[in-house]
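Visitor: Please walk me through the labels used for this structure. I want the criterion behind each one.

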Amino acid sequence: SMGPTDHTAKASEESEGHETSQISFDESVTGKIRFWKDAPHITLYIDDYTVMEEVMDLTTLRRGDHCIVGLNPVRKLCGCCDALVFRLASLEILRLYHHFIMFDDVASISDDGVPLNKDGEPARICEYSNTPIGALQLAARVGFRRFLNDPAPFQQLTLHDYQDGRAAFGIFRVIQDINEAQRERIVNEAQELMEDFKPYDIFFRNCEHAAFGLDAGTKRWVSPQVPFLIYNLARLFVQLLGCLLLFGIKGLKETGSGEASLSMSLSIFLYHLCSTVPVALQVLISLVRATVLLTEQKGRLGELTYFFLLTKEVARAAISGGLSIAMLALLPRMVLEWGWVWTPSYLVMTGYGKMDTMFNFSTRMVTRWFNLYGTGVPVAVFASTRQLAHERKKRESSRVRMNPLVESFIPFGHAPLAWRDRSRSTPTLFKNTGTSFSAPTTPLFKFAEAEGERPQRKDYPNGITEYTSKLEVSQGKQSMPVRTTSGPGRNGMPPFHLPAGVLRTKKAGEHPGNDSKDHALRRRRKAKEELRDQTR
């Protein structure tokens with residue numbers, strides 16, 4: 001269901017380089033370093049769930065793609081400013097984003113750098129947006145008051161308004177698996193939204209709300225940047241109280257009385273409560289949330305993508321978060337010993353943000369360096385031997401073999417449960433829940449001897465029973481007539497086909513219903529009759 005250019009981060013894992021030997025940390029956990037050749041620029045969005053990759057070739061963009069760029073309030077005023085914003089977003093220095101949905105496939109790039117669709121026209125996008133010049137023109141046309149109520153319409157623009165297709169950078173695409181039907185639905189819903197949209201609201205209806213609302217993987221009218229900004233503003237407000245406490249600590253130090261010493265200890269405690277604890281909580285919550293949400297998507301993302309992002313977030317918490325917390329914890333000592341107060345106050349307000357920005361920039365440059373020199377990005381891959389052994393044992397114990405001739409006509413997933421071999425202990429899957437009986441532990445079918453050789457049975461030590469048969473199917477056609485059921489199979493399965501004479505589940509003249517259910521029904525009826533006779 002994926003297009004030829006979808007999910008390039010997962011597809012690029014096939015081009016991985018060599019790997020180091022496996023290292024055992026203990027009896028259950030092993031690890032190794034794998035080198036990811038030509039690793040794409042992938043990163044987590046601020047919600048710690050959405051994974052996005054930088055688009056290096058605009059012709060890989062397809063309709064319905066959810067795209068993200070750096071937030072640029074002065075777009076189209078100065079080309080240098082636009083290029084700077086895209087470069088800062090590419091280096092992960094700018095972490096405020098604008099969202100849009102692709103309305104067309106980008107089939108080619110013209111000589112002058114315009115992305116074109118398959119019809120040779122400029123590729124289009126849909127978004128809530130406006131430019132400073134467009135905002136002034138709109139205010140002059142509809143009036144300033146109406147403009148404030150709806151400053152940015154949901155409209156259709158060309159992709160070329162954002163970037164020259166000859167040098168693509170700073171445009172990110174959300175990694176997701178969507179098929180053609182979903183892409184068509186996204187485009188149709190975007191068209192309907194353009195015809196009838198509600199006024200723009202920065203908190204409840206912005207570009208992010210629209211993009212996530214149309215996104216096939218989310219389908220929720222949400223804006224993760226809004227709570228992210230609200231929380232950070234609240235944290236900065238609390239840390240501002242910590243800055244005031246630093247000024248109080250300096251004043252108490254100059255007093256030098258005994259009562260001032262007690263007040264100073266209380267002030268230092270309140271400072272840590274207002275400045276250090278909020279940062280520590282943000283680091284811890286972000287790490288736990290990223291770990292849980294990435295693990296939820298491990299199968300979809302692929303092993304290298306998952307461990308690359310997980311390692312990056314753990315390193316962020318250890319390096320950026322750890323250094324920030326240590327710096328905040330030492331600032332009162334700087335005030336007491338050196339008498340500085342303005343510099344510590346500045347570090348309280350900006351220290352964590354600067355550390356996080358420096359970490360993003362450093363990891364981006366390191367990954368680019370590894371890709372540039374051809375070694376590949378080193379990714380630490382970990383595995384649990386206990387979990388692997390458990391999964392392997394679970395797969396082996398859940399395997400149920402059928403006769404090869406039956407499997408040649410019927411896919412395993414479409415065969416009724418009654419046809420599968422139950423000569424070993426009955427798995428929970430075969431039990432009829434909600435009743436007092438379970439599936440029998442003896443085979444429910446026999447192979448007729450009149451049609452070829454009888455299949456040979458072979459029992460393996462792990463409990464699997466395998467039947468081998470010399471009956472063959474030649475030239476893709478059944479060598480025997482096929483019997484077709486007239487209705488749906490058991491357990492809600494679709495109609496099935498069986499070679500006539502090969503399989504029989506009942507003796508001639510038997511009732512076609514379920515034996516166990518018939519016996520149970522007869523027992524209940526007999527009990528009712530005996531009770532009725534005793535009552536009489």
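**Labels and their cut-offs**

Guide: In α7, Q239, L246, I249, K250 and K253 meet L328, P332, V335 and L336 of α10. Meeting here is contact, with heavy atoms within 4.5 Å. The residues of this contact divide into six nonpolar, one polar and two charged. Ala, Val, Leu, Ile, Met, Phe, Trp, Tyr, Cys and Pro count as nonpolar; Asp, Glu, Lys and Arg as charged; the others, Gly among them, as polar.

Guide: The model is predicted: local features need pLDDT of at least 70, side-chain atom pairs count only at pLDDT 80 or more, and totals for chains, interfaces and linings use all residues. Residues are numbered from 1 along each chain as its sequence is written, and side-chain values use heavy atoms, leaving out hydrogens and water.

Visitor: Why is α7 called roughly parallel to α10?

Guide: Helix α7 (residues 225-255) and helix α10 (residues 303-338) pack at about 30 degrees, their axes 9 Å apart. Angles under 35 degrees count as roughly parallel, over 145 as roughly antiparallel, 65 to 115 as roughly perpendicular and the rest as oblique. Therefore α7 is roughly parallel to α10.

Visitor: Why is H98 called buried?

Guide: Its relative accessible area is 8%. Buried means under 20%, exposed over 50%, partly exposed in between (1.4 Å probe, protein chains only). So H98 is buried.

Visitor: What makes the link between the side chains of H98 and E127 a polar contact?

Guide: The distance is 2.6 Å. A polar contact is a pair of N or O atoms within 3.5 Å; within protein, one must be able to donate a hydrogen and the other to accept it, and residues adjacent in sequence count only if both atoms are side-chain atoms. The side chains of H98 and Y162 also form one, at 2.9 Å.

How values were computed. Axes fitted to C-alpha atoms, helices over the stretch in contact; angles between N-to-C directions. Helix = DSSP H or I, 4+ residues; strand = E, 2+ residues; numbered from the N terminus.
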